Amino acid sequence: MKYVKLHAYHVQKEKRDEYLDLQRQAAEVYGRHASFRTLFLNSMEDETRWIEITTYDSEESYAEAIRLIDEEPEIGDLFRRFKSLLVQENAEIVEEDFKLAKEIVVRTTE
């Protein structure tokens, strides 16, 4: 069963490009140990609000990958840099776990 991590946080508007580049760097580290798919959603009502949705093959594969990722020397630095990009008055990072119940993909035939 697919395992899904959701993170919600607020990134300083002027740090958007730095944030996206940092996410690319983090994905390179994660990619050494995990197969995943991530969507980065930016609110249309609040430019600072971001939702990150990552899907993994299973909770077990996620747990094993995170154990290995946490041993990577650069991951701590990337996380510290990430926290410095957050809106300081609203620096909370919300994290939730989900299981994928169903996925529907529709493509037009045109």
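Q25 is located in helix α1, which spans residues 16-30, in a predicted model where local features require pLDDT of at least 70, side-chain atom pairs count only at pLDDT 80 or more, and totals for chains, interfaces and linings use all residues. Residues are numbered from 1 along each chain as its sequence is written, and side-chain values use heavy atoms, with hydrogens and water left out. Helices (H or I, at least four residues) and strands (E, at least two) are DSSP runs numbered from the N terminus. The side chains of Q25 and D21 are joined by a polar contact of 2.9 Å (a pair of N or O atoms within 3.5 Å; within protein, one must be able to donate a hydrogen and the other to accept it, and residues adjacent in sequence count only if both atoms are side-chain atoms). Beyond its neighbours within four places in sequence, Q25 is in contact (heavy atoms within 4.5 Å) with L78 and R81.

A pocket is an open set of points on a 1 Å grid over the protein atoms alone, where a 1.4 Å probe fits, with protein on both sides within 12 Å along at least five of seven lines; lining residues have an atom within 4 Å of a point. Grid points are joined across faces, edges and corners, and a volume is the space filled by probe spheres set on the points. At least two lining residues come from each of β1 (3-10), α1, β2 (36-42), β3 (49-56), α2 (59-69) and α3 (73-85).

The second largest pocket has a volume of about 170 Å³. Two or more of its lining residues are supplied by each of β2 and β3.
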